[in-house]
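Open the model in your viewer and follow the stops below. Each one gives a selection, then what is there.

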Amino acid sequence: MGRLYTDGINIGYGEQLIVKDLSVEIPDKKITTIIGSNGCGKSTLLKAITRIISHQSGTVILDGKNILSENTKALAKKMAILPQTPESTSGLTVSELVSYGRFPYQKGFGRLTKRDYEVIDWALEVTGTKEFKFRTIDALSGGQRQRVWIAMALAQETEIIFLDEPTTYLDMAHQLEVLELLKRLNVEQGRTIVMVLHDLNQAARFADYIIALKNGTVVKAGNCDEVIRQDVLREVFHIDAEVGRDPRTNKPMCITYNILKGESNNEKNINPYPSSIFANC
């Protein structure tokens with residue numbers, strides 16, 4: 001097995017299982033994207049792997065050890081996570097928030113070192129948020145806040161970065177900037193990136209490995225050509241998709257799709273017209 005994997009984990013809230021007997025391997029130094037419909041367990045899986053929530057049974061293994069036995073600071077030096085809807089204390093400045101990413105490296109009274117300040121400035125620079133350094137988080141737009149949170153995750157300087165819908169609130173240009181930044185971190189620094197994306201074409205364009213979930217189980221895992229296929233999208237999303245090739249990247253792309261009537265509990269009130277790529281296929 002690889003460096004990071006789950007072995008038969010079950011995750012639930014109360015008596016309801018969200019993720020069921022799930023065994024997946026995260027390829028090292030690659031970009032992995034998790035796709036699936038709302039409520040299928042994507043975010044829950046990320047939270048369990050990063051120890052934000054507990055799993056009921058099974059194990060999550062990192063570097064040959066069960067993550068439950070890892071020291072918190074030691075684990076925080078290996079993996080960082082940007083949750084789906086992060087929240088910060090009112091009145092906190094951008095610089096202060098990003099400095100929280102240096103927590104695993106602080107000793108004694110927790111004072112920031114010269115190295116800490118260098119990393120913070122680098123994270124602000126690469127995410128295009130340096131101009132907001134002394135502004136409060138409350139004064140920023142949704143897209144600006146999202147980039148600041150990504151800067152905090154980068155300031156943690158971990159080998160593995162988890163991001164739950166990192167392009168939320170961002171316009172198309174900033175979405176591309178963020179994904180290209182993650183790609184550079186992967187290629188140039190060998191960082192392992194694991195993220196949840198709703199946009200299948202972004203997943204196909206940037207991911208080396210895709211995990212498609214349905215009802216807490218894996219329908220298909222593999223490279224983009226193995227997962228972004230008509231039969232897989234039919235099973236995972238209940239759609240009849242037209243899959244072609246991106247003329248710039250030659251990666252598979254969902255061109256258009258229809259909802260499959262009669263195969264979903266949401267058959268009523270369905271728009272009968274095909275949706276387009278711009279609907280975050």
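Start with glutamine 156, in the loop between α5 and β8 (160-164). Helices (H or I, at least four residues) and strands (E, at least two) are DSSP runs, numbered from the N terminus. This is a predicted model: local features need pLDDT of at least 70, side-chain atom pairs count only at pLDDT 80 or more, and totals for chains, interfaces and linings use all residues. Residues are numbered from 1 along each chain as its sequence is written, and side-chain values use heavy atoms, without hydrogens and water.

Is glutamine 156 buried or exposed? Glutamine 156 is buried, at a relative accessible area of 13%. Buried means under 20% relative accessible area, exposed over 50%, partly exposed in between (1.4 Å probe, protein chains only).

Now show its contacts (heavy atoms within 4.5 Å). Leaving aside neighbours within four places in sequence, glutamine 156 touches Ala76, Met79, Ala80, Gly101, Arg102, Pro104 and Tyr105.

Next, select α4, residues 114-126. Its 13 residues reach 19 Å from first C-alpha to last, close to the 18 Å expected at 1.5 Å a residue. That expected span is 1.5 Å times one less than the number of residues.

Colour the buried residues of α4: Asp116, Val119, Ile120, Ala123 and Leu124. They lie on the same side of α4, because they cover an arc of only 135° around the axis. The arc is taken over directions from the helix axis to the C-beta atoms. These buried residues pack against α3 (94-99) and α5 (142-155).

Step just past α4 to glycine 128, which has a positive phi of about 70°.

Last stop: cysteine 40, buried at a relative accessible area of 1%.
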